[in-house]
Amino acid sequence: MTRRGKAAHQVLVVDDDRTIQRLTEAFLKPLDVDCEFAGCGAEAFTSLARRLPDLILLDHELPGESGLEILDRLKADPALAQIPVIYATGTEKETVISRCFEAGANDYIQKPIRRPELLARVQSVLERQRMMRELWSNARTDSLTGLPNRLLLQETLGRAIARANHDPRYHFALLFLDFDRFKTINDSLGHDIGDMLLQQIGERLRANLRSEDAIVRDSQLTTLSRLGGDEFVILLGDVPDEAAASSVAKRLLGVLNRPYTLAGNTVNSTASIGLVCSDNGYSTADEILRDADIAMYEAKARGRGCHVVFDQSMHAAVVERHRIENDLRDAVGTDQIHLVYQPIFSIEDGGVIGMEALARWHHRELGPIPPDRFIPVAEETGLIIKLGEQVLHEACAQFTQWRLQHQPLKYVSVNVSRAQLEVPGFAALVRQIVAQHDMAPDELQLEVTESMIMSRPEEAVTLLQELKALGVRLAMDDFGTGYSSLSCLHYFPFDVIKIDRSFVQELNGERTEFVALVHAIVNLAYNLGMDCVAEGIETHEQVAVLLAVDCLYGQGYLLGRPAAGGETCPDAWLANSPRANVPDIAGKLTA
Ligand code: C2E
Ligand code: CA
Ligand code: CA
């Protein structure tokens with residue numbers, strides 16, 4: 001017999017005595033509960049399969065299965081074990097009471113049931129249950145966005161994995177989403193704005209993962225959650241295949257790419273998504289989350305704003321990176337890290353004016369590891385601080401060595417990462433190192449890349465000015481690859497602009513637009529009192545073009561490859577004046 005209303009609580013009364021059923025219902029009236037009745041264990045489980053009550057009142061003596069047997073079955077089923085049980089006993093011995101508590105009953109009541117006692121016990125169990133629910137849901141909700149958090153995601157994911165492992169027709173997908181410029185926005189506009197942004201991202205995702213989604217067959221199992229920071233994870237319930245999941249990912253990327261208005265600021269960014277399908281035979285939530293995270297990093301590495309489907313080969317890359325990270329910790333500060341030097345020339349007469357120090361890592365087992373692979377790791381892990389200090393010391397020591405050999409070098413140039421610049425006291429460290437090696441400050445040049453400066457230009461200006469005040473030379477490295485326009489050059493106290501190799505590569509008689517661009521850079525730099533160094537010169541034709549546009553200094557394999565400081569004496573380079581081999585292309589250029 002079932003009664004359905006809109007009461008606050010549902011109670012299942014398991015008792016074969018009709019009179020007691022009716023009495024219980026009447027007693028519980030003041031508590032706004034709906035009662036459902038079962039006369040035996042079988043009826044109870046049929047009712048439980050239909051709907052889960054907030055409380056079960058379970059009689060000890062029943063036809064067929066006893067109350068204790070039913071209690072054991074309830075507690076063995078994870079879906080039912082959470083429902084509180086009040087156990088009703090007759091005049092049984094103490095042992096029954098202690099057995100029912102052992103079996104997991106929350107409370108007991110002695111028959112004949114008296115109204116005040118029943119009310120008090122049911123009320124207290126329901127109240128406890130309500131508090132537990134609240135705790136449960138607080139522990140599973142992200143307070144900023146109101147979305148499920150990591151814990152709830154892991155639980156839901158665990159159920160989805162179990163289902164996929166049982167039912168070969170069931171496939172789900174996981175999207176791991178990271179907002180590409182969150183840190184920059186959070187740092188530059190403040191945390192309140194950062195929080196607003198996260199809320200808006202959550203809203204957009206929520207609105208675009210409505211239950212009517214045609215691609216997802218079982219939207220019940222779709223969970224949008226925030227893991228923390230700017231990481232959101234979407235579990236797509238029942239998706240037929242990877243293509244369907246990919247189309248959801250693309251749609252979400254489109255939605256997130258639209259501008260955000262945050263307290264009057266308009267912010268643009270993209271997101272990166274890693275996608276994993278359940279078919280890879282996962283057994284834990286952590287495994288699948290890890291792979292989705294790896295695929296998300298791959299999406300970032302492929303230029304951001306896209307989604308990447310996980311595949312096993314990505315593991316190898318992560319393992320390798322891990323090894324590099326670990327081994328780099330041991331290598332920094334030892335002779336596994338050493339420097340090579342590439343000359344910076346006067347293009348006009350072939351004279352070497354400076355040397356750029358470039359870090360090399362000779363791994364004990366893996367052999368040489370190029371800086372493009374270990375410098376980014378050093379930057380991410382903070383090891384660059386220690387490594388950078390080692391580089392500065394060695395480069396200055398080498399410079400002193402060259403001076404003893406009477407080399408006419410003006411300076412040694414050292415690459416510096418943003419993290420180094422930002423360490424409080426970096427300027428003081430530079431001053432101390434220069435003094436320790438008995439150098440004039442302008443015998444040291446620090447190279448900072450354009451993109452490092454442009455990520456936060458105002459702060460960069462302050463940091464650079466502090467260094468400039470010491471008297472060291474400053475060079476803007478890789479110019480043309482960042483976002484600065486020519487017009488911001490004058491904000492920064494640079495002595496030198498290094499024109500990136502990607503421009504220099506294009507310099508030939510045919511590519512007049514590049515020639516014109518480099519010409520404009522050179523002119524502007526000279527007007528601002530800065531020198532220009534062209535990087536990556538590989539052909540004589542490039543030298544000719546550079547001479548034609550008045551770029552006076554250069555670097556590149558044609559002129560000199562990086563080599564160990566002790567081995568290579570700058571005099572050797574002086575001999576092969578680049579001008580001697582320059583083809584005459586002046587006619588072509590003016591044409
Ligand atoms: P970078 O500062 O732009 O250095 C120039 C890179 O271009 C060097 O690569 C150099 O060997 C290479 N190169 C020079 N001439 C030519 C050429 O004609 N053709 C070609 N194809 N390449 C040429 P390397 O040594 O592999 O260094 C790569 C990057 O690693 C450097 O780029 C720099 O950003 C970073 N790096 C190297 N050493 C350090 C360091 O001590 N500290 C920091 N923070 N970064 C470093
Ligand atoms: Ca450089
Ligand atoms: Ca460069």
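The model is predicted. The calcium ion (ligand 3) lies 3.8 Å from the calcium ion (ligand 2), and Asp477 coordinates both. Ligand 1 has 21 residues around it.

- Is Glu535 buried or exposed? Glu535 is buried, because its relative accessible area is 12% and the cut-off for buried is under 20%.
- Asp478 has a relative accessible area of 22%, so Asp478 is partly exposed.

**Calcium ion (ligand 2)**

- Which protein donors does the calcium ion (ligand 2) have? They are Glu356 (OE), Asn415 (OD1), Glu447 (OE) and Asp477 (OD). These donors lie 2.1 to 2.3 Å from the ion.
- The donor residues have the sequence spacing E-x58-N-x31-E-x29-D.
- Asn415 belongs to strand β16 (residues 411-415) and Asp477 to strand β18, so the pair ties together parts 62 residues apart in sequence.
- Asp477, the residue that coordinates both ions, is buried, with a relative accessible area of 5%.
- Asn415 is partly exposed, at a relative accessible area of 29%.

**Ligand 1: polar contacts and cover**

- The closest of the surrounding residues are Gln342, Arg360, Ser417, Glu538 and Tyr557.
- Ser417 places a polar side-chain atom 3.0 Å from a nitrogen atom of ligand 1.
- Arg501 also has a polar side-chain atom by a nitrogen atom of ligand 1, at 3.1 Å.
- How much of the accessible area of ligand 1 does the protein cover? On its own, ligand 1 has 800 Å² of accessible area, and the protein covers 84% of that.

**Ligand 1: make-up of the shell**

- The shell residues comprise eight nonpolar, five polar and eight charged ones.
- β14 (352-363), α12 (371-381) and β18 (473-479) are elements that each supply at least two shell residues.
- Which element gives the most to the shell? β14 does, with four residues.

- The chain divides into domain 1 (9-139), domain 2 (150-310) and domain 3 (321-590).
- How far apart are the C-alpha centres of domain 1 and domain 3? They are separated by 78 Å.
- Leu118 is found in helix α5 (residues 115-139). Its relative accessibility is 0%, so Leu118 counts as buried.
- Leu118 and Leu558 are 440 residues apart along the chain, and their C-alpha atoms are 94 Å apart.

Definitions and conventions
Residues are numbered from 1 along each chain as its sequence is written. Chains are lettered from A and ligands numbered from 1 in the order in which they are written. This is a predicted model: local features need pLDDT of at least 70, side-chain atom pairs count only at pLDDT 80 or more; totals for chains, interfaces and linings use all residues. Side-chain values use heavy atoms; hydrogens and water are left out. Domain bounds come from an automatic or database domain assignment. A residue is near a molecule or strand if one of its heavy atoms lies within 4 Å of it. A polar contact is a pair of N or O atoms within 3.5 Å; within protein, one must be able to donate a hydrogen and the other to accept it, and residues adjacent in sequence count only if both atoms are side-chain atoms. Accessible areas come from the Shrake-Rupley method with a 1.4 Å probe; for residues, only the protein chains shown count as cover. Ala, Val, Leu, Ile, Met, Phe, Trp, Tyr, Cys and Pro count as nonpolar, Asp, Glu, Lys and Arg as charged, and the others, Gly among them, as polar. Donors are N, O and S atoms within 2.8 Å of the metal (3.2 Å for Na, K and Ca); water is not among the atoms, so sites may look incomplete. Buried means under 20% relative accessible area, exposed over 50%, partly exposed in between (1.4 Å probe, protein chains only).
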